[in-house]
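Work through the exercises below with the model open. Try each task before reading its solution.

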Amino acid sequence: MEQPVRSDLPVAERKGARLGRRLAPYLLGAPASLWLALFFVVPMFTMLSLSLQTCDPVTLACRLTWHVGEFPQAVGEFHAYFLRSIQYGGAATVIDLVVAFPLAYWIAFRARRKSFFLLMLLLPFFVSFVIRTLTWQFILSDQGLILGTLKNLHLLPQDFHVLATGWAVTAGIAYNFLPFTALPLYVALERIDPRVLEAAADLYASRSMAFLRVTLPLAIPGIFAAFLLTFVPAVGDFVNATILGGTSNLMVGNIIQNKFLLFTDYPAASALSAILMAVLLVGIALYSRVLGSRTIEEYV
Amino acid sequence: MSAIATTEPRSGSLTRPPARGARRRWTSFVLPTYSAAVILYLLIPIGIMILYSFNVSRSHLPNVTFKWQGFTTQWYQEWNQIPGLTPAFFLSLKLAFSSAVTATVLGTLLALALVRYKFRGKVVTEQILFLNIAAPEIVLGASLLGLFITLNLPRGFLTLFIAHVMFSIAYVAITVRARLSGFDMAVEQAAQDLGATPWVTFWTVTLPLIAPGILAGGLLAFALSIDDFITSTFVSGNSVTFPLWVFGAVKVGTPPQVFVMGTFIFTVGVTAAVINVLLQWRRERAARAYRASGA
């Protein structure tokens, strides 16, 4: 927002102030922008470059050879993991959207003490991600609180298990990413002017009609942002798959981690990560195509 | 995340949806109950963690087990008895404090630039912030490791610090920006009209008013850092943070001390967050009372 230049100042001082105002945003923004440029934007390009390099398996010295073979090879070799990741991440995202929408709606429109409930949504972040997932392993274990009790009541067969299945991984992801879905939905719903809904009521819309024709369409950008912020990280997650999924439900994230840290196969790991990033970029491009380009940043 | 700092009632909400009197709809009961249930579900793992930090364990190498064997504060007394875990815990605290402070300063400055000024590259900056938050952590970690490998930078505390500041800045900037955009610039101009220099105005007027937003951003950065596993696993080298240690121990079993430390971190974080929210409430109440008395 431009402040009006005060005209009662001497001309020279005004000029200095104008220069200061011109430079101020760059000076203020420079440290953070530089940090993000160096350690977020540049690495994206080194990652792309690494995926086109060929590395000596012994010395790990890499040269840029424009070897694009890693991409088709990655897709060909690991397509099962990609499909599984999309399946688990997609299912978890849908669950989160369905579960979080009424909650976000309630906080935005009905709740007093909004800041209290928003804080509640963020509480899980104060417990380490790994510990949260660990407690679900705990809860879902074969003789744990839920399964153990049901088995003792002979409501479930003794060999029934949830851990080490895709169900457990999906449930874990859905749990861990729920706040990332709820917050953008809340922001979108909170922004709806109640007068618009009153207008709908004045024009004889029933409450369900007003919801379907006014509230829901106005929330669509938030729903899309929530989808992106949940789905993409969920697809890349490997903690849930490792802790809850046993050895037969590995996801793309597991492969990237192993390739990078265990097998030091940097080109392949970089190619896999680049594909994940591309999915995100395509999603954002789609958003700006359909819903306009200026708004998505407002939902985080 | 901007939701955290935008808690003032929206402009139009003076006209609350009319109470429906005797004909209260079923939704007025179902929706709150449902919301409470979801929030309870979110809190289950926290409850389990706290509860089982008090569980007796009789095995030779004490690990948390699901069977409740009695109440004990033994693990709180022996909280530092696990070799490797205590240094990891302190490393995480050190990392979270240093990266949160750095990210809060950088993020706040960036938020000031974004709200107050139009400048070249503003849209790009905002898009990069969104991209940074939406990017899967595994990509952040893997690409950063790629950079460090290319630069031949040895992995350790420094690389962890770089990574944690990197993924916290955007959250801080967005939280503070939300607080700033609800800010009445007239207050600043009043200060300047009364002869305050821009510098004095910033320290005595602007900063105290946006302090809750800055604090919320800082807390978020702290929570993100102490919580982080995926990015850290790529750039940590031989440094072991608390989540990394816990993950490494999953296969062999979790000593109860892990839950003790988790409970400690949780308590400290929540206390700080609650104090921030309470201060904000008090401020808003005072502002309302002042406005009411003035009018």
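**Exercise 1. Fold and contacts of chain A**

Among the contacts in chain A with a separation of 6 or more, what percentage comes from residues 24 or more positions apart? Then describe the secondary structure of chain A.

Solution. Note that this is a predicted model.
- Step 1. Take the contacts in chain A with a separation of 6 or more; residues 24 or more positions apart account for 69% of them.
- Step 2. Count the elements: chain A has 11 helices and 2 strands.
- Step 3. The pattern of chain A reads α-β-β-α-α-α-α-α-α-α-α-α-α.
- Step 4. Check burial. Of the 300 residues in chain A, 44% are buried.

**Exercise 2. H67(A)**

Is H67(A) buried, exposed or partly exposed? Place H67(A) in the chain and list its contacts.

Solution. 
- Step 1. Locate the residue: H67(A) sits in the loop between β2 (62-64) and α2 (70-109) of chain A.
- Step 2. Count the surroundings. H67(A) has 14 other C-beta atoms within 10 Å.
- Step 3. Apply the cut-offs: 20 or more means buried, and 12 or fewer means exposed. H67(A) is therefore partly exposed, with its count of 14.
- Step 4. Set aside neighbours within four places in sequence. H67(A) is then in contact with L52(A) and T54(A).
- Step 5. Look further along the chain. M120(A) is 53 residues from H67(A), and their C-alpha atoms are separated by 49 Å.

**Exercise 3. The nonpolar core**

How many residues does the largest nonpolar core have, and which have the most contacts inside it?

Solution. 
- Step 1. Size the core: the largest nonpolar core has 163 residues.
- Step 2. Name the residues with the most contacts inside this core. They include A104(A), L185(A) and L272(A) from chain A, and L110(B), I169(B) and A173(B) from chain B.
- Step 3. Find the top contributor. Helix α6 (residues 166-190) of chain A gives the most to this core, with 16 residues.
- Step 4. Check the domains: domain 1 (1-51) and domain 2 (69-299) of chain A each give at least three residues to this core.
- Step 5. Zoom in on L185(A). Beyond four places in sequence, L185(A) touches A100(A), F101(A), A104(A), A219(A), G222(A), I223(A) and A226(A).

Key:
Residues numbered from 1 in each chain as written. Chains lettered and ligands numbered in written order. Predicted model: local features only at pLDDT ≥ 70, side-chain atom pairs only at ≥ 80, totals over all residues. Core = buried A, V, L, I, M, F, W, Y, C linked by C-beta atoms within 7 Å. Helix = DSSP H or I, 4+ residues; strand = E, 2+ residues; numbered from the N terminus. Domains from an automatic or database assignment. Contact = placed C-beta atoms within 7 Å.
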